[in-house]
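Subject: Structure for your review

Dear colleague,

Please find below the structure that I am handing over to you. I would be grateful if you could look through it alongside the notes in this message.

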Amino acid sequence: MTQPTRPEDHQHADSGPPVAWTFFRQWLKNPLGIAALSPSGRQLARQMIVELPHDARRVIELGGGTGVFTRALLGHGIARKDLMVLELNEALYQHLRTRFPEVHVVCGDARELKSIASKNGFLDDGLADAVISGLGLLSMSKRTQSEILLAAFGTLKTEGRFIQFTYGPKSPVSQELLAELGLSVRRGGFAWWNVPPASVYVYTRSRSRSVHAVRTEGKT
């Protein structure tokens, strides 16, 4: 997830040297596991937030990073008890847990989201209205994408949304996989000030089909 270049955004707390350096060090350790060199910026966060359902109350965030989207979600009015943030990187997880002590911050794999959300108790109060993802789906295999989407939609209400950003020119999830999973996609906003610029895509269940597992053995 990347940071903007506008002067006012460089004054943002999330862009301070300690946070940026923590993020960069984790990228150096695992460049394939972290989507970008530095945290996302506020313009991209706004573009993600605007795609939430108008009455969204409960949200799950995948790939919390340094907390740029987490902070935006809380600022939007999502209650801390109604937000769960999943982060696989241990150092970033510890950073998030310290910074947002009242939020459900969990260290785990997005492919196991449904199980994690259940064990964590987050689903006790009902399914989520949206999943916001900062994961690098574009660099993932078809199988991994499928497992993440299945897990995410397993935590979402029928009309729930999976909101994803990408640096690529089109949806990071192919039309073939979307058809197999019973999902639809539309393009949302575009964050010009991100480096590189990023597009937002919104995935929902197709009205005529339910999300279901697909066999992807041997495919990437």
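The notes below cover confidence, the sheet and its helices, and the salt bridges.

Please bear in mind that this is a predicted model. The mean pLDDT of the chain is 83, and 76% of its residues reach 70 or more. Two stretches call for caution. Over residues 1-17 the pLDDT stays under 50, and the model has 60 contacts beyond four places in sequence for this stretch. The pLDDT is also below 50 over residues 31-39, a stretch with 30 contacts in the model beyond near neighbours in sequence. Where pLDDT is low, the predicted coordinates should not be read in detail.

Sheet and helices

Seven strands form an open sheet with mixed pairing, in the order E3-E2-E1-E4-E5-E7-E6. The edges are taken by E3 and E6; each has a single partner strand, so one side of each is left without a neighbour in the sheet. On average, neighbouring strands of this sheet are turned by 20 degrees against each other, direction ignored. Within the sheet, E1 and E4 run parallel and are joined by four bridges. Leu62 stands opposite Ser133 in E4.

Two helices may be described against these strands. H3 lies across E4, E5, E6 and strand E7 (198-205), and runs at about 145 degrees to E6. Helix H5 (residues 90-99) lies across strand E2 (83-87) and E3, and its angle to E3 is about 165 degrees.

Salt bridges

The structure holds 10 salt bridges.

Arg186 forms a salt bridge with Glu51, with the closest N and O atoms 2.7 Å apart. This pair links distant parts of the chain, 135 residues apart: Arg186 belongs to strand E6 (residues 183-191), while Glu51 is in the loop between helix H3 (42-49) and strand E1 (59-62). Arg186 counts as partly exposed, at 39% relative accessibility. Glu51, by contrast, is buried, because its relative accessible area of 9% falls under the 20% cut-off.

Lys157 and Asp129 meet through their side chains in a salt bridge of 2.9 Å, N to O. Here too the pair links distant parts of the chain, with Lys157 in strand E5 (residues 156-166) and Asp129 in strand E4 (residues 128-133), 28 residues apart. Lys157 is partly exposed, with a relative accessible area of 37%, whereas Asp129 counts as buried at 8% relative accessibility.

Arg111 forms a salt bridge with Glu147, and their closest N and O atoms are 3.8 Å apart. Arg111 lies in the loop between strand E3 (104-107) and helix H6 (113-119), and Glu147 lies in helix H7 (residues 142-153), so this pair ties together parts that are 36 residues apart in sequence. Arg111 is partly exposed, with a relative accessible area of 40%. Glu147 is also partly exposed, with a relative accessible area of 28%.

With kind regards

Terms used
Residues numbered from 1 in each chain as written. Predicted model: local features only at pLDDT ≥ 70, side-chain atom pairs only at ≥ 80, totals over all residues. Heavy atoms only, no water. Salt bridge = Lys/Arg side-chain N within 4 Å of Asp/Glu carboxyl O. Buried < 20%, exposed > 50% of the residue type's maximum accessible area, 1.4 Å probe, protein only. pLDDT = per-residue confidence, 0-100. Contact = heavy atoms within 4.5 Å. Pairing = 2+ DSSP bridges. Axes fitted to C-alpha atoms, helices over the stretch in contact; angles between N-to-C directions.
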